[in-house]
Amino acid sequence: MTAPGIIAPTATAPRKSLILNAFVEMCSGHQSPGLWRAEGDESHRFNDIDHWVELARLLENAKFHGIFIADVLGGYDVYKGPKNLAPAISSGAQWPVNEPLAIVPAMAAATRNIGFGVTVTTTYEQPYHLARRLSTIDHLSKGRVGWNVVTGYLDSAARNLGYAQQPQHDDRYAIAEEYIKVTYKLWEASWRSDAVVLDKERGMYTDPARVREINHVGKHFNVPGPHICQPSPQRTPVILQAGTSRAGKTFAAQHAEAIFVAGHSPSVVAKNIAEIRDLAKTEFGRGPVNIKFLAILCPVLGSTHEEALEKFKYYRSLGSIDGAFSLFGGWTGINLDTYEDDQELRHVESNAIRSAVEGWSKATPEISKWTKATVGEHITVGGLGATPVGTPQEVADEMERWVREADVDGFNLAYAVKPGSFKDIIDLLIPELRKRGLFWDEYTGKTYRENLYSKAGQSGPLPDHPAAKYRWDAGVDAADHQIPDN
């Protein structure tokens, strides 16, 4: 990010209508540890179903594309560790945290169009079970669920799920590669689109000739099938992804429909975005523009520059440095307790989020040197992403800079306080984006995928997506549609 309050304007005309998701987690504070203490913050209500229904309605009325719900399966216990949860517990740094899929049906019942991206790891759950859970939510939401495919990054989660520690980073991606292809087979290939006939005269609910086993036998999974759910509105949920390590890039280039990128500056993520788009085209035959990149951004807005800056200073005064260091330790595997305040971060190999290590150890024109102290201050407001501070015009200028310099397609908008940050975005920023032609006025369709691509009728994966080749369409005999081996 630029230094707080200093945002350079641009004159370049926008070239994309932005995709906007709200970035949340079923915890208090999420990306801004300690700000549950701020006046008006209601993120501590995350156990209250009404809180989530109110948020979904608020965001749908503003035409947000989706609500992206992050998740972790363990605590942040690297800082002052090993295995020391106390800083995270006391500061409320993503602790406690609830299971994200559970809240989606309530939000879906209260809305009609907004999508729901949910984080679920491939490391600790069988694909047959997850395929059923996601199909169920896709049915109940009428086609509005997305799956953020992650491999996990916390050893604390692994220890509670039967492992001494996580599998190695690249091994986790190898598991994920087989895992997602099993789900494609279940969702797309084991049921013909017209399998459910509801023929009362013959007493036939589903035609058994239109349901088949997938008989997957692999290195990590043996799944005979068939899928236990009938085809849902999208069949395959929108595939979301966040890793930009070498293994993560290959996985994303093949499978992701939207990729979340995190960095304090466009220059931190621009190279990764360009590489993934090129890899998608050259290695997997996908249209580069069919992968949507969304940067994490936590705008702090005011009707004047001074008002925004005062708000930012107030937030930073309440942010928990211990909470920030706890989050950083979980994201990178680095214990900042071993660093002096003015000591520059070193690039180290990590079994956590490798792209996060790379981003934090990279100097930019905005931040010449990342030290323990600067990392702590930055994370307290906005976490992994950039935190532009200013008027709607200044923040919109910064968003255009990200589009121009990094080729992003939109933003995962994090909050400092909830719902206050989202209300500021809705009341101040979105009118400015619409004025510039940067944000739509109405949803394109009813499913998450239709709205992600602004393409009515595109409920299933695009033709160049790997899941598309698995689909068993209506009217096609089983003998004429073979299940791909990979």
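Guide: Gladly! Helices are DSSP runs of H or I with at least four residues, numbered from the N terminus. Thr-250 is found in one of them, helix H7 (residues 246-255). This is a predicted model, where local features need pLDDT of at least 70, side-chain atom pairs count only at pLDDT 80 or more, and totals for chains, interfaces and linings use all residues. Residues are numbered from 1 along each chain as its sequence is written, and side-chain values use heavy atoms, leaving out hydrogens and water.

Visitor: Is Thr-250 buried, exposed or partly exposed?

Guide: Buried means under 20% relative accessible area, exposed over 50%, and partly exposed in between (1.4 Å probe, protein chains only). With 38%, Thr-250 is partly exposed.

Visitor: Leaving aside neighbours within four places in sequence, which residues is Thr-250 in contact with?

Guide: Contact means heavy atoms within 4.5 Å. With those neighbours left aside, Thr-250 is in contact with Leu-279 and Phe-284.

Visitor: How do I read two packed helices?

Guide: They are described by the angle between their axes and the distance between the axes. Here, the axes of H4 (residues 127-140) and H6 (residues 169-189) come within 9 Å and cross at roughly 55 degrees. Axes are lines fitted to C-alpha atoms, for helices over the stretch in contact, with angles from 0 to 180 degrees between N-to-C directions.

Visitor: Which residues meet there?

Guide: Among them, Leu-130 and Leu-134 in H4, and Val-182 and Leu-186 in H6. The residues of this contact between H4 and H6 divide into 9 nonpolar, 2 polar and no charged. Ala, Val, Leu, Ile, Met, Phe, Trp, Tyr, Cys and Pro count as nonpolar, Asp, Glu, Lys and Arg as charged, and the others, Gly among them, as polar.

Note on methods
Helix = DSSP H or I, 4+ residues; strand = E, 2+ residues; numbered from the N terminus.
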